[in-house]
Amino acid sequence: DAAARILKIVAFLEDNADRFHGAWPHWFRCDTGATIPFSSTDDGADLVETSFVVQGLLVVRQYFDAPDDPTELAIRERSTRLWEEVEWSFFQNGDCIYWHWSP
């Protein structure tokens with residue numbers, strides 16, 4: 001069932017994957033969600049990968065639109081929360097955007 005599989009992915013992103021000001025790292029462990037550093041000085045958020053994930057969340061949020069299906073409702077609720085929790089403005093510096101950010 002596609003909806004069940006998507007919900008599993010979205011739940012993992014929300015419940016397990018590391019996030020930094022709402023953004024995901026470049027890489028993370030698929031078993032734990034822990035960040036895998038991009039380099040020795042880059043172990044935090046990556047806006048490029050985050051933007052790809054958010055695009056996917058917005059697509060599944062629109063696609064799974066059955067009003068009475070609890071799985072599809074959970075997909076929409078979690079996807080909305082994840083998208084809205086990305087602090088896009090945190091990654092701005094005047095007219096520039098940070099591609100990566102590390103704590």
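These legends walk through a few close-up views of a predicted model. Residues are numbered from 1 along each chain as its sequence is written, and side-chain values use heavy atoms, with hydrogens and water left out. Because the model is predicted, local features need pLDDT of at least 70 and side-chain atom pairs count only at pLDDT 80 or more, while totals for chains, interfaces and linings use all residues.

**View 1. Trp27 and Phe38 make a tilted ring pair.** The structure holds 5 aromatic pairs (rings of Phe, Tyr and Trp, using the six-membered ring of Trp, with centres within 6.5 Å; planes under 30 degrees apart are stacked, over 60 edge-to-face and the rest tilted). Here the ring centres of Trp27 and Phe38 sit 5.3 Å apart and the planes meet at 35°, so this pair is tilted. Trp27 belongs to strand β1 (residues 27–28), and Phe38 to the loop between β2 (35–36) and β3 (45–46), 11 residues apart. Helices (H or I, at least four residues) and strands (E, at least two) are DSSP runs, numbered from the N terminus. Buried or exposed? Trp27 is partly exposed at 41% relative accessible area, and Phe38 is partly exposed at 39% (buried is under 20%, exposed over 50%, partly exposed in between, with a 1.4 Å probe and protein chains only).

**View 2. Phe90 and Trp101 meet edge-to-face.** The centres of these two rings, Phe90 and Trp101, are 5.1 Å apart with planes at 85°, so the pair counts as edge-to-face. Phe90 is in the loop between α3 (70–85) and β4 (92–93) and Trp101 is in strand β6 (residues 100–101), so the pair ties together parts 11 residues apart in sequence. Phe90 is partly exposed, with a relative accessible area of 32%, and so is Trp101, with 22%.

**View 3. Helix α3 has a capped end and a set of buried residues.** Which residues of α3 are buried? They are Glu72, Ile75, Arg76, Arg78, Ser79, Thr80 and Leu82. Their cover includes α1 (2–15) and α2 (47–63).

**View 4. Glu14 reaches two arginines of α3.** Side chains of opposite charge can pair when their charged atoms come close. The structure holds 5 salt bridges (a side-chain nitrogen of Lys or Arg within 4 Å of a carboxyl oxygen of Asp or Glu). One of them joins Glu14 and Arg78 at 2.7 Å, N to O. That pair links helix α1 to helix α3, across 64 residues, and both Glu14 and Arg78 are buried. Glu14 also forms a salt bridge with Arg81, at 2.6 Å, N to O; Arg81 is in helix α3 too, 67 residues from Glu14. Arg81 is partly exposed, at 37% relative accessible area.

**View 5. Arg19 pairs with Glu85 and also lies over Trp24.** The closest N and O atoms of Glu85 and Arg19 are 2.9 Å apart, in a salt bridge. Glu85 is in helix α3 and Arg19 in the loop between α1 and β1, 66 residues apart. Glu85 is partly exposed at 36% relative accessibility, as is Arg19 with a relative accessible area of 21%. Arg19 also lies over the face of Trp24, 4.8 Å from the ring centre (a charge sits over a ring if NZ of Lys or CZ of Arg is within 6 Å of the centre and within 35 degrees of the ring normal).

Definitions and conventions. Contact means heavy atoms within 4.5 Å. A polar contact is a pair of N or O atoms within 3.5 Å; within protein, one must be able to donate a hydrogen and the other to accept it, and residues adjacent in sequence count only if both atoms are side-chain atoms.
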